[in-house]
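Reader: I would like to go through this model feature by feature. Please give the general idea each time, then the case at hand.

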Amino acid sequence: MNFFKDVDWSCKATWTVSAKNTFYCLIGCSIGDFGTILFFQINPIITSTILIMSLAIVNGIITSIILETIILFKQKMNFLTAFKTACGMSLISMVSMEIAMNLTDYLLVGSAKLVWWVIPLMLIAGFITPWPYNYYRLKKFNVSCH
């Protein structure tokens with residue numbers, strides 16, 4: 001299977017929808033991710049950077065699922081179905097987003113630390129990394145979380 005030949009990559013409507021879906025995921029992921037990093041930054045708990053970033057990834061995925069559940073529930077989906085749909089979202093997309101954000105932080109700051117100038121770069125990396133995959137899933141399988 002050739003990833004690039006299976007899908008028409010020129011559909012502006014699909015890029016727009018996949019951007020919206022990726023943005024919602026980014027909001028959810030960054031809440032948990034940034035919150036975790038900030039917690040360890042504010043509290044003098046000595047632990048490894050890899051542990052902090054691992055916790056940030058897990059918490060980012062959890063908050064993304066919570067946000068997606070709320071969005072779907074508000075779109076008139078019953079709560080259980082909304083939750084199952086949110087949990088069924090692509091973990092590949094969420095994990096790649098989280099890794100891109102944390103790797104950007106680590107490479108630019110040298111640790112799990114939030115500084116004002118790195119946050120926009122983390123968000124850009126977190127958005128751009130899974131966006132083509134989300135487009136692919138939407139175009140190829142018509143699979144989306146919204």
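**Reading the fold**

Author: The protein has six helices and zero strands, where helices (H or I, at least four residues) and strands (E, at least two) are DSSP runs numbered from the N terminus. This is a predicted model: local features need pLDDT of at least 70 and side-chain atom pairs 80 or more, while totals for chains, interfaces and linings use all residues. Residues are numbered from 1 along each chain as its sequence is written, and side-chain values use heavy atoms, without hydrogens and water.

Reader: How many residues does helix H2 have, and what does it reach from its first C-alpha to its last?

Author: The expected span of a helix is 1.5 Å times one less than its number of residues. H2 covers residues 49-74, 26 residues in total, and reaches 37 Å, close to the expected 38 Å. After H2 comes Lys76, with a positive phi near 75 degrees.

Reader: What percentage of the residues count as buried?

Author: Buried means under 20% relative accessible area, with a 1.4 Å probe and protein chains only. Here 40% of the 146 residues qualify.

Reader: Which share of the contacts joins residues 24 or more positions apart?

Author: A contact means heavy atoms within 4.5 Å. Among contacts with a separation of 6 or more, such pairs account for 74%.

Methods: Buried < 20%, exposed > 50% of the residue type's maximum accessible area, 1.4 Å probe, protein only.
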